[in-house]
Amino acid sequence: MLNKKSRSKRVVPRKRLIIFVPLPGEENYKPFFILSRFINDEEGILLENKTKEIKKEIVSELNRVKDLKDIEKLRVEYLGRKGVVTLLLRKLGILSPEERPKAGQLLNQTKREIEDLLKTKEVEIEKLEKEKRLQGEGIDITLPGRKIDKGAIHPINLVLKEIEEIFLSLGFKIEEGPEVELDYYNFEALNIPKDHPARDDQDSFYISREILLRTHTSPVEIRVMEKQLPPIRIIATGKCYRRDAADSTHSPMFHQIEGLAVDKDITFGDLKGVLTFFVHKMFGKDRKVRFRPGYFPFTEPSAEVDVSCLLCQGKGCSACGYSGWLEIMGAGETDPAVFKMVGYDPEKYSGFAFGMGAERIAMLKYGINDIRLFFENDLRFLKQF
Ligand code: DAH
């Protein structure tokens with residue numbers, strides 16, 4: 001700040017003019033001279049000395065700075081309205097017009113240098129503060145992590161997928177049919193007329209007299225044959241429904257896999273070959289396969305297909321009723337009556353079909369003893385797959 005006394009002494013020739021400027025942080029004012037003709041003479045060097053002194057001062061001050069607020073304080077002290085450099089700049093007017101540009105240049109240069117120093121420090125402090133903040137927000141690796149629950153594929157879907165893959169590898173195609181089905185496709189066209197006793201085993205949920213929830217996937221066979229001529233090699237998977245009370249081996253909703261192959265000269269030998277291949281792929285090469293005579297209205301001859309017990313290796317245990325065998329599906333040569341229903345000539349074509357329950361296969365494969373586990377959605381069970 002200008003010393004008032006010195007102002008009143010403006011009578012002093014310019015050459016000897018004294019300006020008092022406080023140095024930042026100093027209690028007492030330190031006299032400082034701006035003298036005319038400061039270039040190349042002793043007095044002129046004083047302004048240069050002063051600016052050097054100011055710069056040295058701010059550098060040491062900046063070393064002590066702790067935060068952005070300190071920097072702001074310094075900015076005010078040096079470059080603010082009453083700052084050291086500003087006051088000096090204001091005093092330029094007292095110099096002669098020839099001296100003014102040189103002194104102005106020197107002071108403006110100093111000002112820019114101070115601005116740069118402040119800016120550099122500011123950036124440095126900001127970076128440090130940001131680092132500190134980030135460290136504070138960082139992950140505390142000493143805390144146990146929160147577990148993210150992963151979904152898994154349902155065991156029934158796993159089995160369906162696996163079965164599909166096996167038959168796809170044999171050249172079968174995948175077909176679909178409706179779950180809400182016509183009585184005609186579910187029974188009639190499969191050689192199960194209205195009064196047929198086979199209907200007793202497959203009571204369903206009826207929407208109307210002619211529409212029901214399908215009791216098996218066999219109606220897809222009819223829908224496919226109606227649409228196309230042989231050769232046919234298809235499998236169809238999906239949900240089926242029966243009016244059964246739920247217990248460890250029954251569920252009113254379950255899944256089936258249907259298979260159908262129709263061509264010229266298809267024999268029971270083809271059926272045996274395909275299903276044996278399937279069993280070996282699904283349960284392992286050391287499984288034995290047995291074709292037991294059976295009855296289905298839509299196949300002739302018909303068979304129940306058994307696989308040697310996985311638990312006792314065929315020796316006999318409680319799981320297989322001490323027979324050494326487990327039943328896994330029904331199968332047979334397509335009945336000529338079925339071919340007639342879809343307009344195929346039974347003299348020209350022959351075929352085989354099979355049908356199995358996905359739950360039964362999954363229970364055998366994974367050693368599950370209660371079908372209800374598949375549908376209770378208990379995560380402790382589902383998480384195991
Ligand atoms: N649809 C029969 C059922 O649900 C299973 C079946 C047996 C399907 C023999 C077939 C077959 O295609 O040939 O009990």
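These questions and answers cover the ligand shell and the sheet of a predicted model. Local features need pLDDT of at least 70, side-chain atom pairs count only at pLDDT 80 or more, and totals for chains, interfaces and linings use all residues. Residues are numbered from 1 along each chain as its sequence is written.

Q: What makes G330 and G355 part of the shell around the ligand?
A: A residue is near a molecule if its C-beta atom, placed from the backbone, lies within 6 Å of it. G330 and G355 are among the residues that surround the ligand. Strand 10 (325-334) and strand 11 (350-357) each give two or more residues to this shell. Strands here are DSSP runs of E, at least two residues, numbered from the N terminus.

Q: How do you know that strand 10 and strand 11 pair?
A: Two strands pair if DSSP finds at least two bridges between them. Strand 10 and strand 11 are joined by 5 bridges, so they pair, and they run antiparallel. G330 has G355 as its bridge partner in strand 11.

Q: Why is strand 6 called mostly covered?
A: A residue is buried if 20 or more other C-beta atoms lie within 10 Å of its own, exposed if 12 or fewer, and partly exposed in between, with C-beta atoms placed from the backbone. In strand 6 (residues 232-241), 7 of its 10 residues are buried.

Q: What makes strand 3 and strand 8 edge strands?
A: The open sheet has 7 strands in the order 3-6-7-11-10-9-8, with mixed pairing. Strand 3 and strand 8 (289-296) each pair on one side only. Strand 3 (residues 173-175) meets strand 6 in the parallel sense, over 3 bridges.

Methods:
Helices (H or I, at least four residues) and strands (E, at least two) are DSSP runs, numbered from the N terminus.
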